[in-house]
Amino acid sequence: MLYTSTRNKNDTYTAQRALCQDRADDGGLFVPVQIPECSRQEIIKLLQLPSNDVIAKVLNVLFGTTMAGRDVEFLAGKEIFRMREINYRITVGELWRNPEGEFSRTVRILSQHLCADKNAKEPTLWARTAVTIAMIFAMFTELSYKTEADLERRQDVVVLSGDFVTPMAAWYARKMGLPIGAIICCCNDNGSVWDLLQRGQMKMDAPLVETNTPRCDVQMPTGFEWLLYETLGQGAVADFVAACDRGGLYEINQTGYPTLRQGMFGFVVGEQRLLDIIPNVYSATGYVLCPYSALTYSGLMDYRAMTGENGSALMISQWSPLHSRDIVAKAMGISVADLRERMKQM
């Protein structure tokens, strides 16, 4: 597969450049020249495979590689994610089920295997996005999409918006054929994504607020160029880059605003509410949320309240609650030792 740049679609690059280099020569983000789209029959056939085979096949499509499911298992483990239904039509996709307790380990291991530059230490933006796309496909193998009729049932996907890797992974997975409904982007008190998705504008120089979810403490999410490029074109990217340089207010014209959203919604969750959600969900379901999963859960509740929709939803969880153990234990009114014991039961 060939790649181009969000800032100059006339230049093309190999898949290895996208794997081993963060940005194109012009400073833009790598993007496939053509997004592969699967037929309904191809999606059903794919989702009946073991999840590790699905991960391998999706990565092979995106990078022209020859990885097999057994390679995924050897590199990252037999069970690299777990699905947990915690509430009415809400499933958590736990991508952190590994010795480090965070999804970044899986991304790092798989991208290093795919990349010819074995000295590359950190996955590139597109490598992170591609692995997340593959994981979303794999999670759908566990959500009972086994017949063509099942594809009529859309699954909302709930993600964090600290950067735009995961939201765009869901966007690309939907473009490739997965039955994804709304993509719900959840922000903490730094709500620039909410501003853009709900009002069509973003303050480029707004001050940052420090929160208990520091990975979401950003105003300009890395990877947002992808959404602009895919929905509004290269001209919109140029306007965005210029706004980044000058600061101030960035606005999308009213004709382009509905095209940009395309089933994407933004929600802001305040700090205190996030901390209240953790003990409330545990009391109701016995499930321990980390602060980031509490953020996505709260955003999903707001989406349902705003739209009246109550369909199935997949919450993508990337960090173990033990990564924020002091915050989680305090919110639940227990000791860290007690939290560890409760985590063993999950």
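Where is the place of tyrosine 145? Tyrosine 145 lies in the loop between α6 (125–140) and β5 (155–160), where helices (H or I, at least four residues) and strands (E, at least two) are DSSP runs numbered from the N terminus. The model is predicted, so that local features need pLDDT of at least 70 and side-chain atom pairs count only at pLDDT 80 or more, while totals for chains, interfaces and linings use all residues. Residues are numbered from 1 along each chain as its sequence is written, and side-chain values use heavy atoms, with hydrogens and water left out.

The chain has an average pLDDT of 92, and 99% of the residues score at least 70; pLDDT is the predictor's confidence in each residue, from 0 to 100. Confidence is lowest in helix α11 (residues 257–261), with a mean of 85, and highest in strand β10 (residues 313–317), at 98.

Tyrosine 145 is buried, at a relative accessible area of 0% (buried means under 20%, exposed over 50%, partly exposed in between, with a 1.4 Å probe and protein chains only). Leaving out residues up to four places away in sequence, tyrosine 145 touches residues including Ile44, Leu47, Phe140 and Pro179, contact meaning heavy atoms within 4.5 Å. Arg153 is also one of the residues touched, and the backbone oxygen of arginine 153 lies 2.7 Å from a polar atom of the tyrosine 145 side chain.

The C-alpha atoms of tyrosine 145 and glutamine 112 are separated by 31 Å, and these two residues are 33 residues apart along the chain.

Note on methods. Polar contact = N/O pair within 3.5 Å; in protein donor to acceptor, adjacent residues only side chain to side chain.
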